[in-house]
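Student: I am new to this structure and would like to be guided through the surroundings of its ligand.

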Amino acid sequence: MSGKRILVLGGGIGGVACATLLRQGLAPEHRVTLVDRSDAHIFAPAMPWLMLGLRRPAHMVRSLEDLKEPAIEFVRACVEAVDTERRKVVTSTGTLDYDYLVVALGVELAPEKLPGLSEGAFNVYEMDGAAAMGAELREIDSGRVVVLVSSLPFKCPAAPYEYALLIDDYLRKRGVRPRIELEIVTPEKLPMAVAGPALGAEVVRLLRERDIRFTNEAAAEAVDAGAARIRLGGGEEVPYDLLAAVPPHAAPRALSNSALAGPDGWAPVDAATLASESADVFVIGDAAAVRLKNGMMLPKAGVFAHAQAKVVAWNIIKAVKGVPPDSRFTGTGYCFLEAGGSRAAFAKGDFYAEPDPQVRLYRPSIVWHLGKLLFEKWWLLTFFSEKKRK
Ligand SMILES: Cc1cc2nc3c(=O)[nH]c(=O)nc-3n(C[C@H](O)[C@H](O)[C@H](O)COP(=O)(O)OP(=O)(O)OC[C@H]3O[C@@H](n4cnc5c(N)ncnc54)[C@H](O)[C@@H]3O)c2cc1C
């Protein structure tokens, strides 16, 4: 059997997990190559903690040069085009051939799609923006703090609610919360809508208990940084003193320009195997478009990127070994929702259930908070070498 070349595009949650499992499961004659434009792997679930000064970048960023599996070839390059006809990927440093291709390029954050957003808001989906938002939260004494979801879809449906709950807790600890209004503005009908109305209502209840105003079905059309107002469709305006924003998302250009893309740029894939319509090409994580039985899309979240990475890695390993690739992604997932005061809520369920996802929310407790802390440690220690960092 001649050696195969497996290319994994993107060294985020899905790509790192997939490349690691492939390397562990395949004989050395097969090459596993991981391509990313940056060598920084960011553990994004820790970003709200970064905002509050509970993490520094060094706690949550690892270098793709320090992967625990040293035999993964890391290529630092920007993926420019994916040519599934010729089984080639064009990058900024050259063209790479593949026998199997795993696309895990995530999303492009596109703040420019909402006029005024970059000038008027802190992008809390990037580390710099989250840290800068935190610096303002340390100073603000009165006024209005708003968390804005710019548009749908966006990754981690829980994150804006987590930000709002943590901001509330932080401002209470500072003793300034009675003088500050806190609001979340979102185009969603309910929080984490895909998880069903009961779960959404539970999250709304959590917000109400904390006096966080929930403005739903609100489509932002622009941010007027000078006047410090969000302009909504229908002409309504939301004033703010401090604005934390989830920016608009777009499919990665290399994907949306390829034959893998559906009409909206994301790649439609088989819900169980993550196989695209091109032979031996799989798309996992945020870049994939998985339609659920009720017509909604599977949320973009690290927990799914990770689970899908395992399925795809196992199936490629089996295919290379000549064994039927029979691993399946079942649509189960969970997420922690940090609520402040060392407590977190926890949502868990089956997103492939019919006719609708069956997801349950567990009330905030220290147990789930510890769960998230442990998961962070587990992730970084499982995939990255600590020795090299010392
Ligand atoms: C604030 C915040 C909190 C979150 N909290 C949670 C949580 O608690 N639980 C959860 O499940 N999810 C959470 N998420 C979502 C989670 O981080 C993503 O869903 C997950 O990272 C998706 O994994 P992925 O592999 O698809 O993409 P990513 O992890 O985003 O990785 C994509 C990689 O591709 C690279 N890339 C992109 N384009 C190119 C290119 N052209 N060339 C080369 N490389 C490229 C990028 O540099 C990146 O390394 C959170 C996200 C944020 C922002």
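Student: Which residue has a polar backbone atom 2.9 Å from an oxygen atom of the ligand?

Tutor: This is a predicted model, in which local features need pLDDT of at least 70 and side-chain atom pairs count only at pLDDT 80 or more, while totals for chains, interfaces and linings use all residues. Residues are numbered from 1 along each chain as its sequence is written, and side-chain values use heavy atoms, with hydrogens and water left out. A polar contact is a pair of N or O atoms within 3.5 Å. A polar backbone atom at 2.9 Å from an oxygen atom of the ligand belongs to Gly 302.

Student: How much of the ligand does the protein bury?

Tutor: Accessible areas come from the Shrake-Rupley method with a 1.4 Å probe. Taken alone, the ligand exposes 1000 Å². Of that area, the protein buries 91%.

Student: Which elements give two or more residues to the shell around the ligand?

Tutor: Helices are DSSP runs (H or I, at least four residues), numbered from the N terminus. Two or more residues of the shell come from each of helix 1 (13–25) and helix 9 (302–321).

Student: How many residues surround the ligand?

Tutor: A residue is near a molecule if one of its heavy atoms lies within 4 Å of it. Among the closest are Gly 14, Asp 36 and Val 79. The residues that surround the ligand number 28.

Student: What phi does the residue that follows helix 9 have?

Tutor: Helix 9 is followed by Gly 322. The phi of Gly 322 is positive, near 80°.

Methods: A polar contact is a pair of N or O atoms within 3.5 Å; within protein, one must be able to donate a hydrogen and the other to accept it, and residues adjacent in sequence count only if both atoms are side-chain atoms.
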